[in-house]
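Good morning. Please have the structure open in your viewer while I talk.

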Amino acid sequence: MTVQEKSVTAAPRGPAELKFGEQSSQFPVRSGTIGPDVMDISKLYKDTGCFTYDPGFTSTANCASRITYIDGDEGVLLYRGYPIDQLAENSDFLATCYLLLHGELPTNEQFVAFRKTIVNHTMVHEQMTRFYTGFRRDAHPMAVMVGVVGALSAFYHDSTDISDPGQRMIAVHRMIAKMPTIAAMAYKYSIGQPFIYPRNDLDYASNFLQMCFAVPCEPYIVNPVLARALDRIFILHADHEQNASTSTVRLAGSSGANPFACVAAGIACLWGPAHGGANEAALNMLEEIGSVDRIPEFIAKAKDKSSGFRLMGFGHRVYKNYDPRAKVMQKTCHEVLDALGLHNDPLLKVAIELEKIALQDPYFVEKKLYPNIDFYSGITLRAMGFPTSMFTVLFAVARTIGWTAQWKEMIEDPEQRIGRPRQLYIGPARRDFPK
Ligand code: ACO
């Protein structure tokens, strides 16, 4: 089956019938491979003169996709059908990128060719280095990322024609390859150190670590435990179905905008504390709690709606069970802290105790609030030497493959149309300007 063909079929229990006043309308119901059926309401307005109302799109599928599947009730995450824990254990990030982009795991030859293509693109145009000096040194690296990634479209004109499949693929390769370089440069700029060029002899995660932590005056030896952990963190964050930043990329791309600009939009969305900024917020919260004896106070605050406080790293729009990525992240966190001799880290103690208490508390149990991936990733990244302001940047590096694979799928989808939600207007009716 080609990418263009749809694997959706008419669901056996369709069509759906809607009775509205005297009128009755029928809507086809479509089944995917797994997961809930969808009622195709694209003709609803034409048939009934009504829109649907679904703030936050909790019940609305915006596209048909073959890339990632989540069952939030069961705590399942699959990339192209493969469970996330199996990929984290047996694959590496670049092979996962190939899988997300092409639909199948690469053969050895395909992997070698793919890696060669990616490493060909790891450097950025030298003139881009001057962009950084326009930012204040204390700028948040995510602010720098939004600007620099958006600016890629001003440097790589030969891959912005979205109607050309070859250019589309080059743009995707460029973004997978350049994102670690751009992110590491944002970090180096913020601490006043010289930029470190990529090293194409290293694997993806090791190269990123050396671009962040090497200095020109002494050799840098990559710790293999940290490199493997970072590679796993990249795999865990690589894609997550139609989340807020991916939907942003799709929506921006639906107008025909170039892929660099679309990914910059995705980065802006990811920055928010309810999305990619949550690991930074979770770590800040653990630091604020500080010691195990203060946990009950924070649990009580999280349950008190008037406090406006939420337990960061808990809860998820889709997972109403343990986030399968959080399990892998928790294991990775222990591995990193052990390798660095930090197993007595006081924040880890707070995190373990907080998790235990929250998982037994009726408020969290009833609302199905489980730890999400961000709960342990902050502690892990901090132990690796990353400042909190870089956490979301690392997320953006990893999510670039998800954004670009989903963008490419959308552009190649014959059903794709410009994204244009409707609204329930509750402002003033027409009135005349006072004379
Ligand atoms: N602490 C305390 N209460 C919570 C929390 C929390 N972390 N999360 C949700 N709740 C409560 C809400 O107050 C609400 O209670 P109510 O039904 O009595 O009004 C109920 O649980 C449902 O919450 P919603 O906000 O409706 O759930 P939604 O699906 O919209 O939000 C979200 C999901 C944004 C992730 C939320 O759980 C949250 O803010 N968590 C903290 C931030 C966080 O960790 N984000 C990371 C997400 S993972 C990622 O982006 C990689």
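First, some ground rules. This is a predicted model, in which local features need pLDDT of at least 70 and side-chain atom pairs count only at pLDDT 80 or more, while totals for chains, interfaces and linings use all residues. Residues are numbered from 1 along each chain as its sequence is written, and side-chain values use heavy atoms, with hydrogens and water left out.

Start with the ligand. Which residues come nearest to the ligand? They are K305, L311, G313, R317 and K367, out of 21 residues around it; a residue counts as near if one of its heavy atoms lies within 4 Å. By class, this shell holds 10 nonpolar, 5 polar and 6 charged residues. Here Ala, Val, Leu, Ile, Met, Phe, Trp, Tyr, Cys and Pro count as nonpolar, Asp, Glu, Lys and Arg as charged, and the others, Gly among them, as polar.

Now the atoms. A polar backbone atom of L311 is 2.8 Å from a nitrogen atom of the ligand. G313 has a backbone N or O atom 2.8 Å from a ligand oxygen atom. R317 uses its side chain: an N or O atom there is 2.9 Å from an oxygen atom of the ligand. On its own the ligand has 920 Å² of accessible area, and the protein covers 75% of that, by the Shrake-Rupley method with a 1.4 Å probe.

Next, the sheet. Strands of a sheet pair through backbone hydrogen bonds, either parallel or antiparallel. This sheet is open, with 3 strands in the order β1-β4-β5 and antiparallel pairing. Its edge strands, β1 (9-10) and β5 (38-39), each pair on one side only. Strand β4, residues 29-31, is joined to β5 by 2 bridges, and R30 stands opposite V38 in β5. Pairing takes at least two bridges found by DSSP; strands are DSSP runs of E with at least two residues, helices runs of H or I with at least four.

Last, two residues. N207 touches P198, R199 and L202, leaving out residues up to four places away in sequence; contact means heavy atoms within 4.5 Å. E126 sits in the loop between α4 and α5 and is partly exposed, at 45%.

How values were computed. Buried means under 20% relative accessible area, exposed over 50%, partly exposed in between (1.4 Å probe, protein chains only). A polar contact is a pair of N or O atoms within 3.5 Å; within protein, one must be able to donate a hydrogen and the other to accept it, and residues adjacent in sequence count only if both atoms are side-chain atoms.
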